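Colleague: I would like to know how the labels in this model were decided. Could we take them one at a time?

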Amino acid sequence: MTSLVEELNKNLKGEVKAGELLSSHTTLKVGGPATIMAWPEDEDDLAVCLELAAGMPRPPLILGNGSNLLVKDTGYQGLVIKMSRFKRLVFEEETVYAEAGVLLPGLINRAKEQALGGLEFLWGVPASTGGAVKMNAGAFNQEIADLIIELKFMDYQGEISIIPRKKLDFSYRFADINNRVVIGGKFLLQKQPLNDILNRLEVVKSKRLNSQPLNERSAGSIFKNPPGKYAGQLIEAAGLKGFRLGGAGISTKHANFIVTTDNATATEVSDLIALIKEKVKARFDVKLEEEVSVVG
């Protein structure tokens, strides 16, 4: 791997590190090291990363803000590509082009400054734009897929494509992006009175702060809601709200959130996920499906 680090350092404008702890790059703050981690500066850098990753035994892990991710304590044996330097924003009339590394809170704030509404339902989601697209982030019966005009991708061979929304398949917390890296997306917003936007933001903010542990470390919702049910309600009814394993615990505010402390491990989070699934299955005969991605 030393030669690969040297090769990346020689060919990349961005940064490269070996053994970078992924706990520093996820909102749960757990997880072991990446074999190699790269921060590409632009599309040329990204193409170099993907070309070199092709020779590795595992596909690259594309990392946004790490808010929907559980990395195991063993880390990731491969190349991790962090998209945080892709931060271009372009507003044009009622559209915005946002690159993958733009964080949703910043995107929502910039749109508000332009008196453009439509993103308010995503307030409090600590994801990058690329991550939000990949998981089709949503809340309050809305999804980011509803706003997409087109997405810009790079495939693992370094080829760039721009694909319109109608040719992309989205479903609940899922985007079929087929071994492609999201570079950015163009979204349709709406010119609206600023007070209307601010009022909607206040409503969403109040609902989230009252019902979710936004001031604690979490990965967001751990499980998808089963059809016609709410995962949090099932977990709470199974008597697990507030239950802890070491440094990981089920939130006392919302049972579909696992929160961590400084001494938490990814194994404790994984064990807690397994326990929740077991108890809910035994009590209600419902098989919960993870919303959070587990890697390592």
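Modeller: Two rings of Phe, Tyr or Trp count as a pair if their centres lie within 6.5 Å. Keep in mind that the model is predicted.

Colleague: How many aromatic pairs does the structure hold?

Modeller: The count is 0.

Colleague: What lies over the face of Phe-153?

Modeller: Arg-180 does, at 4.6 Å from the ring centre. The cut-off for a charge over a ring is 6 Å, together with a limit of 35 degrees from the ring normal. Arg-180 is listed as lying over the face of Phe-153, so it counts as a charge over a ring.

Colleague: Why is strand S7 called largely enclosed?

Modeller: Buried means under 20% relative accessible area. In S7, 5 of the 5 residues are buried, so the strand is largely enclosed by the rest of the structure.

Colleague: Which residues of S7 are on each side?

Modeller: Thr-95, Tyr-97 and Glu-99 are on one side, with Val-96 and Ala-98 on the other, and all are buried.

Colleague: What makes S6 and S7 a pair of strands?

Modeller: A pair needs at least two bridges. S6 and S7 are joined by 4 and run antiparallel, so they qualify. Val-90 stands opposite Tyr-97 there. The hairpin of these strands has 2 residues between them, and Glu-93 takes a positive phi near 55 degrees.

Colleague: How many bridges does S7 have with S15?

Modeller: There are 5, in the antiparallel sense.

Colleague: What makes a group of residues a nonpolar core, and which members touch the most others in the largest one?

Modeller: The members must be buried nonpolar residues joined through side-chain atoms within 4.5 Å. The largest core has 35 residues, and Leu-107, Leu-119, Leu-122, Val-133, Phe-170 and Phe-187 touch the most other members. Elements that each supply at least two residues include strand S7 (95-99), strand S15 (180-188) and helix H5 (194-211). Helix H3 gives the most, with 4 residues.

Colleague: Which residues beyond its sequence neighbours is Leu-122 in contact with?

Modeller: Leaving aside those within four places in sequence, they are Leu-104, Ile-108, Ala-137, Gly-138 and Ile-144. Another core lies apart from the largest one; it has 26 residues, among them Leu-28, Ala-219, Leu-234 and Val-292.

Colleague: Why are S17 and S18 called edge strands?

Modeller: Their open sheet has the order S17-S20-S19-S18, with antiparallel pairing. Strand S17 (217-221) and strand S18 (244-245) each pair on one side only. S18 is joined to S19 by 2 bridges, so the pair meets the cut-off of at least two. Leu-245 has Ala-248 of S19 as its bridge partner. Helix H7 (266-284) lies across S18, S19 and S20, at about 30 degrees to S19.

Colleague: What is the pairing in the sheet S1-S2-S5-S3?

Modeller: This open sheet of 4 strands has mixed pairing. Its edge strands are S1 (15-18) and S3 (61-63), and the twist averages 20 degrees from one strand to the next. S3 and S5 run parallel, joined by 3 bridges, and Leu-63 stands opposite Lys-82. Helix H2 (43-53) lies across S2 and S5, at about 165 degrees to S5.

Note on methods. Residues numbered from 1 in each chain as written. Predicted model: local features only at pLDDT ≥ 70, side-chain atom pairs only at ≥ 80, totals over all residues. Heavy atoms only, no water. Buried < 20%, exposed > 50% of the residue type's maximum accessible area, 1.4 Å probe, protein only. Contact = heavy atoms within 4.5 Å. Axes fitted to C-alpha atoms, helices over the stretch in contact; angles between N-to-C directions. Phe/Tyr/Trp six-rings, centres within 6.5 Å; stacked < 30°, edge-to-face > 60°.
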